[in-house]
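This report goes through selected local features of one structure. Please keep the sequence and the 3D view open while reading.

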Amino acid sequence: MDYESNNWMWEGMYYYPHLFGGIMLTAALLGLSTSYFGGISVPTLPYLLPGFGIFHKKTRGKKPVRVYMDGCFDLMHYGHANALRQAKALGDELVVGVVSDEEIVANKGPPVLSMEERLALVSGLKWVDEVIVKAPYAITEEFMNQLFNKHKIDYIIHGDDPCLLPDGTDAYALAKKVGRYKQIKRTEGVSSTDIVGRILASAKAVKVLEDGFILSDTEKSNNTKEIPIQAGQAKVGYVSQFLPTSRRIVQFSNGKGPGPNDRVVYIDGAFDLFHAGHVEILKTARQLGEFLLVGIYSDHTVSELRGSHFPLMNLHERSLSVLSCRYVDEVIIGAPWEVTNDMIKTFNISFVVHGTVAESSSALNGKSDPYAVPKSMGIFRVLESPKTITTSSVAQRIIANHEIYVKRNAKKEASEKKYYEEKKYVSGD
């Protein structure tokens, strides 16, 4: 007897034994009588019973698979976003633990971004459903039980790169031991170590020796030369390893255009070193309409505006970071400096907006107003920026404490270099 097709029978016997027994007895008598009188046709039991609603098979909702992934998420980049995208694909609901400042200091050194800023970045990702604040760096037995019992987590996720505690032990050993651990592939071409290196090397005031070490203030009096910097390339050794593909862009995209009656809101900028200020202004812009279109300036445009040492992240890296934001529906990769009438018609733009906080640049002097056309049409809006943070202010935090970050990066840079020297084929998403 097939269990699924006859499950109604067992449920009927369990919940209504007396009624079910009477019907079964009647059916048996009918069966005998039909066999005796031969010519009388009587419907079989399964066709009689559907009229009794009490025996309809109950629809049981499938329990969503909840997965957990934690991290420091300092200097959030598209590699973090892709890791969380992969984690979400292993379940139905993604819960993310953001490690506390104290835990980061104890295990890795001082974070660049505050807890509030890191929370804004993680919460702003389109794949994140819930956030656990001040998660521990190591998965202890107590915290693991809390994840399983309180937060109903089914699996704990981490990348395939090793995560070791100061004592050299695996931070996810307990999760692996109980069989509740799943692994994803690391995202090639970017790391927080790489970004810190780009920032340190891009600072105009920082002098660099030929061997790549940063000079202290007392050493700056020596005759040293500054290595020329190109857009997206802080210095030799910090060339972006990212190779953009159409598949990766599709993975990050929503894949939907605006509806016929949707108000399309347009905002543009460099969006370099994606930070909490970007997330908050995009959230504010999205509230003005049903579809948010973001224009991302080309590397050449950003370099013209801010200097040859910018942008820190190249065009495709910046595009993925913006696309990962839950408030963004579409991006223009390499958007023009000026918002033209043709552009407004092409994308059916209802509002063009700009925040009150932006990078200051002397290069803007003498340039034409990029928003002259939308202003003349009465569709330009200035939005009060929720945060004062900028790409330069984030970079300055690292530059001001460069000796700390140089030491912190030294060991990681060596492991990164070794990884790329020994790198083999990497499969996965």
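Is tryptophan 127 buried or exposed? Tryptophan 127 counts as buried because its relative accessibility is 11%, where buried means under 20% relative accessible area, exposed over 50%, and partly exposed in between, with a 1.4 Å probe and protein chains only.

## Basis of the report

The model is predicted, so local features need pLDDT of at least 70 and side-chain atom pairs count only at pLDDT 80 or more, while totals for chains, interfaces and linings use all residues. Residues are numbered from 1 along each chain as its sequence is written, and side-chain values use heavy atoms, with hydrogens and water left out.

## Aromatic pairs

Five aromatic pairs are found in the structure. Rings of Phe, Tyr and Trp (its six-membered ring) pair if their centres lie within 6.5 Å; planes under 30 degrees apart count as stacked, over 60 as edge-to-face and the rest as tilted. One of the pairs joins tryptophan 127 to phenylalanine 252 in an edge-to-face arrangement, with 5.2 Å centre to centre and 75° between the planes.

This pair links distant parts of the chain, 125 residues apart: tryptophan 127 is in the loop between helix H6 (115-123) and strand E3 (130-135), and phenylalanine 252 is in helix H10 (residues 246-252). Helices (H or I, at least four residues) and strands (E, at least two) are DSSP runs, numbered from the N terminus. Phenylalanine 252 has a relative accessible area of 0% and is therefore buried.

## Charges over rings

A charge sits over a ring if NZ of Lys or CZ of Arg is within 6 Å of the ring centre and within 35 degrees of the ring normal. The ring of tyrosine 155 has the charged end of lysine 182 over it, 4.2 Å from the ring's centre. Lysine 375 is placed over the face of phenylalanine 380, with 5.2 Å to the ring centre.

## The cavity

How many cavities of 30 Å³ or more does the structure hold? There is one. On a 1 Å grid over the protein atoms alone, a cavity is a set of points where a 1.4 Å probe fits but cannot get out, and lining residues have an atom within 4 Å of a point. The largest cavity holds about 50 Å³ of space; a volume is the space filled by probe spheres set on the points, with grid points joined across faces, edges and corners.

The lining of the largest cavity consists of Met76, His77, Tyr78, Leu121, Leu125, Phe274, Ser321 and Ser324. It has five nonpolar residues, three polar ones and no charged ones. Ala, Val, Leu, Ile, Met, Phe, Trp, Tyr, Cys and Pro count as nonpolar, Asp, Glu, Lys and Arg as charged, and the others, Gly among them, as polar. Domain 1 (64-182) and domain 2 (244-389) each supply at least three residues to this lining; the domain bounds come from an automatic or database domain assignment.

## Backbone features in loops

Which peptide bond is cis, with omega near 0°? It is the bond from phenylalanine 310 to proline 311. Proline 311 is in the loop between helix H12 (299-306) and helix H13 (315-323).

Lysine 152 is not a glycine, yet its phi is positive, near 55°. Lysine 152 belongs to the loop between helix H7 (141-149) and strand E4 (155-159), and its relative accessible area of 47% makes it partly exposed. Leucine 273, also not a glycine, has a positive phi of about 50°. Leucine 273 is in the loop between strand E6 (264-269) and helix H11 (276-286) and is buried, with a relative accessible area of 5%.

## Residues apart in sequence

Valine 250 is in helix H10 and counts as exposed at 60% relative accessibility. Its C-alpha atom is separated by 9.9 Å from that of leucine 320, 70 residues apart along the chain. Leucine 320 is in helix H13 and counts as buried at 2% relative accessibility.

Leucine 293, in strand E7 (residues 291-297), is buried with a relative accessible area of 2%. Leucine 293 and valine 352 are 59 residues apart in sequence, and 9.6 Å apart in space, C-alpha to C-alpha. Glutamate 141 is in helix H7 and counts as exposed at 53% relative accessibility. The C-alpha atoms of glutamate 141 and alanine 175 are separated by 8.7 Å, with the two residues 34 apart along the chain.

Conventions: 1 Å grid on protein atoms, 1.4 Å probe; cavity = no way out; pocket = protein on both sides within 12 Å on 5 of 7 lines; lining within 4 Å.
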